[in-house]
Amino acid sequence: YPLRDRTPGPSRISVVAHRGASEDAPEHTLAAYRRAIEDGADALECDVRLTADGHLVCVHDRRVNRTSNGRGAVSALELADLAALDFGSWKEDEDTAGEAPDRQHEDPERTSVLTLERLLELVADAGRRVELAIETKHPTRWAGQVEERLVALLTRFGHTKASADGPPAVRVMSFSARSLHRVRAAAPDIPGVYLMQFLTPRHRDGRLPPGVGIAGPGVRILRAHPEYVAKAHRAGHQVHVWTVNDEADVELCERLGVDAIITNRPKQVRAQLGLD
Ligand code: G3P
Ligand code: CA
């Protein structure tokens, strides 16, 4: 995966919208991703899980309890069950904190479960290059099937091959090296991002699991080990940092020269980086 162009000039840090513009709209909804595209995000981050009937849906938690009015594990529900739930009102309740809700929850783009297929369509219609950073959540019930379905879907949308313009517009991220390995075995051109919550001794020198091109440290790692970015770059890896919402953390990322900032607030981060 090519390292970012570091020639002097305006900042070229890529701004990635985490679960969409999830500060302003319910995470993982079409409304959150539309907003992120309008806000100028370079890429969209989403978590994917497999439903009981084999559909890839954009949901972070194992269960739907936090982000919908339903209960239960995504993997035990069918797409039709998820489609009957409201994935938006929890956010409005949280944002309005006791005030009268503004009835945004009647907009289906803010309330419906989002399939990865629909998100790929949105990206295809964006009218500019918008990258997609797809995170496979650790599948225990569906070991291997998430990656298999994912590669099949990305193949259908033409995202598995590099072109003269560079690598595919899609990359796959995971805390699981095994999951990244499965994707790479099926689609070697798709860049992989190895997510790290802690910096283990094995990765302290900047090296990543075999075949993985991009490091994905949590911002806490950078606060504790600012030297990590230079080490990963020396090892030939880009560094994509999550989830960077505070101004001080954006400043830290900029100073250390990271390649991508993954944030719930793409508009504000772009403004802070002088990209507007
Ligand atoms: O972008 C990586 C980041 O999303 C990983 O953490 O829990 O938000 O999926 P999480
Ligand atoms: Ca994620």
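A: Let's start with helix α6 (residues 145–156) and helix α7 (residues 177–186), whose axes come within 9 Å and cross at roughly 40°. Those axes are lines fitted to C-alpha atoms, for helices over the stretch in contact, and the angles run from 0 to 180 degrees between N-to-C directions. The helices themselves are DSSP runs (H or I, at least four residues), just as strands are runs of E of at least two, numbered from the N terminus. Before going on: this is a predicted model, where local features need pLDDT of at least 70 and side-chain atom pairs count only at pLDDT 80 or more, while totals for chains, interfaces and linings use all residues. Residues are numbered from 1 along each chain as its sequence is written, and chains are lettered from A and ligands numbered from 1 in the order in which they are written.

Back to the pair. On the α6 side the touching residues are E147, L150 and V151, and on the α7 side they are S179, R182, V183 and A186; contact here means C-beta atoms, placed from the backbone, within 7 Å. Sorted by class, that α6–α7 contact has 4 nonpolar, 1 polar and 2 charged residues. The sorting goes like this: Ala, Val, Leu, Ile, Met, Phe, Trp, Tyr, Cys and Pro are nonpolar, Asp, Glu, Lys and Arg are charged, and the others, Gly among them, are polar.

R156 is also in helix α6. R156 counts as exposed because it has 11 C-beta neighbours inside 10 Å. The cut-offs, using C-beta atoms placed from the backbone, are 20 or more others within 10 Å for buried, 12 or fewer for exposed, and partly exposed in between. From R156 to P191 the gap is 35 residues in sequence and 17 Å in space, C-alpha to C-alpha.

Now for the other helix pair. Helix α1 (residues 30–38) packs against helix α5 (residues 116–124) at an angle of about 25°, with the axes 11 Å apart. The α1–α5 crossing is right-handed. L30, Y33 and R34 of α1 make the contact with R118, L119 and L122 of α5. That contact has 4 nonpolar, no polar and 2 charged residues. As for the spacing along such a face, an α-helix has 3.6 residues a turn, so residues three or four places apart point the same way.

How enclosed is α1? Largely so by the rest of the structure, because 7 of its 9 residues are buried: L30, A31, A32, Y33, R35, A36 and I37. Covering those buried residues are, among others, β1 (14–18), β2 (43–50), α4 (108–111), α5 and α11 (266–272). After α1 comes G40, with a positive phi near 90°.

R19 is buried, with 26 other C-beta atoms within 10 Å, and H28 counts as buried with 23 C-beta neighbours inside 10 Å.

What surrounds ligand 1? The shell is H18, E45, D47, H60, E135, M173, L195, W242, T243 and I262, where a residue is near if its C-beta atom, placed from the backbone, lies within 6 Å of the molecule. By class, that shell has 4 nonpolar, 3 polar and 3 charged residues.

I262 lies in strand β9 (residues 260–263) and counts as buried, with 30 C-beta neighbours inside 10 Å. Leaving out residues up to four places away in sequence, I262 touches V16, H18, E45, H240, V241, W242, T243 and V244.

Technical notes:
A crossing is left-handed if the near helix is turned anticlockwise from the far one by less than a right angle, and right-handed if clockwise. Two residues are in contact if their C-beta atoms, placed from the backbone, lie within 7 Å.
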